[in-house]
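Reader: I am new to reading protein models. Could you walk me through this one?
Author: Gladly; let us look at it together.

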Amino acid sequence: DPSMLPYNRVLLKLSGEGLMGEQSYGIDSHVLGNIVDDIADVAASGVQVCLVVGGGNIFRGLTAAGKGMDRVQGDYAGMLATVINALMLQDAFLQRAVPACVVSALSMPTVAEPYVQKKAIEHLENGRIVIFAAGTGNPFFTTDTAATLRAKEMDCDVMLKATQVDGVYSADPRKDPAATRYDELTYGEVLSKGLNVMDATAVSLAMENSLPIIVFNMHKEQAFSRVMAGQGVFTRIV
Ligand code: UDP
C-alpha cells in the first residue's frame, strides 16, 4: 500500500537471535554494526525510529522454565537480557554520534530512564532513537507483544519485525523447500493458519488496534532502509 509512504514514525523489532550472527550466544559486533548503520540511515532521513529488542540470544524464560526454573523468575531474567542488548545498541549508536536513549519497562534508573509515554514521545520529537528495553515489564509476555504495545503507545505508522527469513511463509523455509512466501496476510489469516511469525497475543493486539505489521529479513544489505522505501521483499500483515 504505497499510500502508507512516507512513514513518519515507525517501530522496529529486532530479535535477540538476529544479533548473534553465526554465534550460538551473545552479540556479533559486525552484525550489530551493520544493523545500527542501517537504522542510523533511516533516522537520518527524518523518520522517527523506535526500537524494541528481544533477549533470546542471552536468556529465554520459557527455555529456563523447561529446565526447572520458576517461569516468572525466568521471565524477569529474560527481560534483563533485553536490557543488555538495548545497552549494546545504544552504545553503537552513540559511538556513531547518533542520538539514542534506552527507556526501560523495569525500573533501573542508574542504567536507563524509566519508561514514561510522554517522555519517550519527546525523545522521538527531539530526534533521538528510542530503545525500549525490558519488554512489557511483565512475565508471560514476549518482546513481540512489547513491540506492538509500544508501537501503539508511540502512535507509530507501522511495526516492522526483523526476522531471519524474507517474510511470512506457509512453513519454515529453512526446513521445508516447498514453503511459499505471502506478500500480504490479514491478522485473522495469521491466527487461523497458525503461522508462526509472532505469538497470538501480539497478533491480536495489533488486530484490535489496526497496527500494520511488516515482516522482513534483517540480514539483507540495507534491509531496513529498503523496506522503508517500499523496496525489497517483505510480508505485510493488515
Ligand atoms: N520477556 C517477558 N516479558 C516481556 C518480554 C520478554 O517476560 O514483556 C522475557 C521472556 O522470558 C522472553 C525473554 O524476555 O523469553 C526474551 O524475550 P523474547 O523471547 O521475546 O526475545 P527474542 O525472541 O525476540 O530474542
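Reader: Where does UniProt place the feature "binding site" that includes Gly55 and Asp75?
Author: A word on such records: UniProt positions are given in the numbering used here, feature names are shortened, and annotations may be inferred rather than shown by experiment. The unreviewed entry places this "binding site" at Gly55, Asp75, Thr136, Gly137, Asn138, Pro139, Phe140, Phe141, Thr142 and Thr143. These positions are spread over 89 residues of sequence, yet they cluster in space, with a largest C-alpha distance of 14.1 Å. One of them, threonine 136, is in the loop between strand 5 and helix 5.

Reader: Before we go on, what kind of model is this, and how are its residues counted?
Author: It is a predicted model, where local features need pLDDT of at least 70 and side-chain atom pairs count only at pLDDT 80 or more, while totals for chains, interfaces and linings use all residues. Residues are numbered from 1 along each chain as its sequence is written.

Reader: And what do the names of helices and strands refer to?
Author: They are DSSP runs numbered from the N terminus: helices are H or I with at least four residues, and strands are E with at least two.

Reader: In what order do the nine strands of the open sheet stand?
Author: Two strands pair if DSSP finds at least two bridges between them. Here the order is 4-3-5-2-1-6-8-9-7, with mixed pairing. Strand 4 (113-114) and strand 7 (184-185) are at the edges with a single partner strand each, so one side of each has no neighbour in the sheet. Strand 3 (residues 100-104) pairs with strand 5 (residues 129-133) in the parallel sense, over five bridges. In that pair, serine 104 stands opposite alanine 133.

Reader: Which strands does helix 1 touch?
Author: Residues are in contact if their C-beta atoms, placed from the backbone, lie within 7 Å. Axes are lines fitted to C-alpha atoms, for helices over the stretch in contact, and angles run from 0 to 180 degrees between N-to-C directions. Helix 1 (residues 29-44) packs on the sheet, touching strand 1 (9-14), strand 2 (48-53) and strand 5, and its direction makes about 150° with that of strand 2. Helix 5 (residues 143-153) lies across strand 1, strand 2, strand 5 and strand 6 (158-163), at about 155° to strand 2.

Reader: How do I describe two packed helices?
Author: Two packed helices are described by the angle between their axes and the distance between the axes. Helix 5 and helix 7 (residues 200-208) pack at about 15°, with axes 8 Å apart. They are therefore roughly parallel to each other, a label for angles under 35 degrees. Their contact is made by Asp144, Thr145, Thr148 and Leu149 of helix 5 and Thr201, Ala202, Leu205 and Ala206 of helix 7.

Reader: At what angle do helix 1 and helix 3 pack?
Author: The angle is about 60°, and the axes are 10 Å apart. Leu32, Gly33, Val36 and Ala40 of helix 1 make the contact with Met88, Leu89, Ala92 and Phe93 of helix 3.

Reader: What happens just after helix 3?
Author: There, alanine 97 takes a positive phi of about 60°.

Key:
Two residues are in contact if their C-beta atoms, placed from the backbone, lie within 7 Å. Angles under 35 degrees count as roughly parallel, over 145 as roughly antiparallel, 65 to 115 as roughly perpendicular and the rest as oblique.
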